[in-house]
Amino acid sequence: MRQQESVPVPLDRDGGPGPAAPTAPRRPPAPPDAFWAWAPLLLATALWLYALPRTGFRAMDDYGLLDRLPPAYYASLAVLTAGFVLSLRRAGTAPWWPAGYSAGLLVALKAPPAVLYDCVRYPWASKHDAVVDMLLANGRLRPDAGLSGNMSAYEQWPGFFTLNAALVRAFGVEGAASFANWAPVVLGLLLLPVLVLLYRTFTDDWRLVWTAVWIFQAANWVGQDYLAPQGLAYLLHLAVLAVVLRHFVRPGTAGRLRDRSYLDPAATAVPPPTGLRQRALCVLLLAPLIAAVNAVHQLTPVMLCVCLLALALTRRYRNWGLLAVAGLLMLAWDLTMGRPLFVETLGTLKDSLGELTRNSRAGYAGQLTGPGPELAGRANVAMVLLVAALAAVALLTRRRLAHGALPLLLVSAAPLPLFVVNDYGGEMLFRVYLFGLPGAAFFAAAALVPAAAGRPGEGDAARLRRRRTAAVALPAALLLLVAGFLPSYYGKEAMYYTPPAETAMVERAMDRAPDGALVLAATGSFPGSLHRYDHHEHWFFAEQELPENEKLLADPARYLAAGIPPGVRAYVVLTRTQDVYTAGEGLLPPGGFATLRADLTASPLFEVVEEHPYGVVLAYRNPAR
């Protein structure tokens, strides 16, 4: 039998046994769930990176990017969703994992245009770049100048553009177009901590918090987070509300909402109350943020005021001083810098006030036409209904959570009355949805994520059934939302991508046109439409009711000639992007744009200046000259 080797014992200087040799600390074994937490994220990233170079975005047709994205892209979203659901199991102890998946979803959904496109996504976004260029060139604003193309509003609310002009100078780039396509990703990442702060005000359950964030991102298909004033103003708006909901609770108003035996197991107690002096200090700290909202956008201050008014109707957040400050700052801006547009808007209220049907319509007048736009429209409706249905389930089944989160419900519903006031150029429907989405996403998540501790008085069998239902409903609903986002966001992508050669042709036309010239186009939604906008007048003649456009198509040349003032030099710019946009949005009937182009090109009233397959530039032979 082999004798066991003896282990030498360390001796001290007297020959006796010394202290035991220190042993290296052993690292605790990684939990088995750790691998499943990060592996899907890496796999989804690999699939996404594999898919993007194989996306045929330059050959988009009826369905936009939907049939150009390879299967690997769709697989990456499915893997990302599965990984997110798995990461929720450790959300209480490792909330950074669902946070990583939420950031990954944002990048996966909204970064493809930034990575792929060689143009600015959304044709109308180029006008924001034009404002920044004008600001850098002239170094001044002209809020009282009567600029055509609805451009006066941008100089009356210039905060967003001055910020971007500073970024252009700081980065040393040619213009804001160089980083415009990254705006949805950057604004989305900045919004993540704001949403977390907002949701943590009403729940301690990290699973519920991150599921609400995920639903918000998947349901945010509206497309207002591009390089535009609304995206920045929306971020500031939610930041103000997050601070108000956490730090403006009046003393003695919580009632049973600090009693854990009454609260929903996932709910958090009402934040600690603040005294009058503390709230006054918070108002002073919020005033610059509210002023920034007013400097950036004309509609968001109205949304903020109606949200603060809704909160003031509750005992918990009855802070009339804050509402007064927000209202006075809004009026101060509207009556000074924004006075021209403010007065013009007041003059239109007599026609729009109470017109619910007209104010809630989407777009100018026409119906979406074409497979991609029609699919996008149906997906939009389905997404709204799914989120609303899930939120309604939570309001009915988790009433104690709804009671605690009533302020969030109020600020989400507060913008609805604006349908009575104005249509905001056919955009009010989308803006109301956008401002109501944070609360809707929270309650939709509450319908899908069961309380970890169970409900009071609930038996084991009922709890087991509820958890089994949630185990199926949660991933299914998240996958449905991600699937619905894609046609909603990318179904009309053929309208949103413009080859650089087309944009260059438009800019050459604008550079050739003399100061004071009238530039005509079917719509303003094409890149370069407002290049050097402060030097020209503009007439986007198809942005009107469909019956009037039918009159236009009966004799395009004479219709346009009748609208050109005598003695004015005029140019018509028609592009492929206008063709796709007017057809998809239903402004012109099928084949209408081709008829328009053919008639104007053949007419003796117009002379061809430049012509390509992707567009034509015509000069008007004004008989008065």
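Mentor: Contact here means heavy atoms within 4.5 Å. The model is predicted: local features need pLDDT of at least 70 and side-chain atom pairs count only at pLDDT 80 or more, while totals for chains, interfaces and linings use all residues. Residues are numbered from 1 along each chain as its sequence is written, and side-chain values use heavy atoms, with hydrogens and water left out.

Trainee: What makes a stretch of the chain a helix or a strand?

Mentor: Both are DSSP runs numbered from the N terminus: helices are H or I with at least four residues, and strands are E with at least two. The chain has 26 helices and 5 strands.

Trainee: Why is α5 called roughly perpendicular to α7?

Mentor: The axes of α5 and α7 (residues 159-171) cross at roughly 70° and come within 9 Å. Axes are lines fitted to C-alpha atoms, for helices over the stretch in contact, and angles run from 0 to 180 degrees between N-to-C directions. Angles under 35 degrees count as roughly parallel, over 145 as roughly antiparallel, 65 to 115 as roughly perpendicular and the rest as oblique. The angle of α5 and α7 therefore makes them roughly perpendicular.

Trainee: How do you know that α24 is roughly perpendicular to α26?

Mentor: Helix α24 (residues 556-563) packs against helix α26 (residues 592-602) at about 75°, with the axes 8 Å apart. That angle makes α24 roughly perpendicular to α26. Pro556, Ala557 and Leu560 of α24 meet Leu596, Asp599 and Leu600 of α26.

Trainee: Why is the aromatic pair of Tyr73 and Tyr74 called edge-to-face?

Mentor: A search of the whole structure finds 24 aromatic pairs. In the pair of Tyr73 and Tyr74, the ring centres are 5.8 Å apart and the planes 80° apart. Rings of Phe, Tyr and Trp (its six-membered ring) pair if their centres lie within 6.5 Å; planes under 30 degrees apart count as stacked, over 60 as edge-to-face and the rest as tilted. The pair of Tyr73 and Tyr74 is therefore edge-to-face.

Trainee: Which of the terms buried, partly exposed or exposed applies to Tyr73, and which to Tyr74?

Mentor: Buried means under 20% relative accessible area, exposed over 50%, and partly exposed in between (1.4 Å probe, protein chains only). Tyr73, at 0%, is therefore buried, whereas Tyr74, at 31%, is partly exposed.

Trainee: What makes Trp124 and Tyr496 a pair that ties together parts apart in sequence?

Mentor: Trp124 and Tyr496 form an edge-to-face pair, 5.5 Å centre to centre with 85° between the planes. Trp124 lies in the loop between α4 (112-116) and α5 (126-138) and Tyr496 in helix α21 (residues 493-496), so the pair joins parts that are 372 residues apart in sequence. Trp124 and Tyr496 are both buried. Ring pairs also link them with Tyr122, Tyr226 and Tyr581 into a cluster.

Trainee: How do you know that the charged end of Arg121 sits over the ring of Tyr122?

Mentor: A charge sits over a ring if NZ of Lys or CZ of Arg is within 6 Å of the ring centre and within 35 degrees of the ring normal. The charged end of Arg121 is 4.3 Å from the ring centre of Tyr122, and Arg200 lies over the face of Trp206 at 4.2 Å. Tyr122 is in the loop between α4 and α5 and has a phi near 70°, a positive value in a residue other than glycine. Tyr122 is called buried because its relative accessible area is 5%.

Trainee: What makes α12 mostly covered?

Mentor: In α12, 10 of its 13 residues are buried, among them Met303, Leu304 and Leu308. What covers the buried residues includes α10 (229-247), α11 (276-296) and α13 (320-334). From its first C-alpha to its last, α12 (residues 300-312) reaches 18 Å, close to the expected 18 Å; the expected span is 1.5 Å times one less than the number of residues.

Trainee: How many residues of the chain count as buried?

Mentor: Of the 625 residues of the chain, 52% count as buried.
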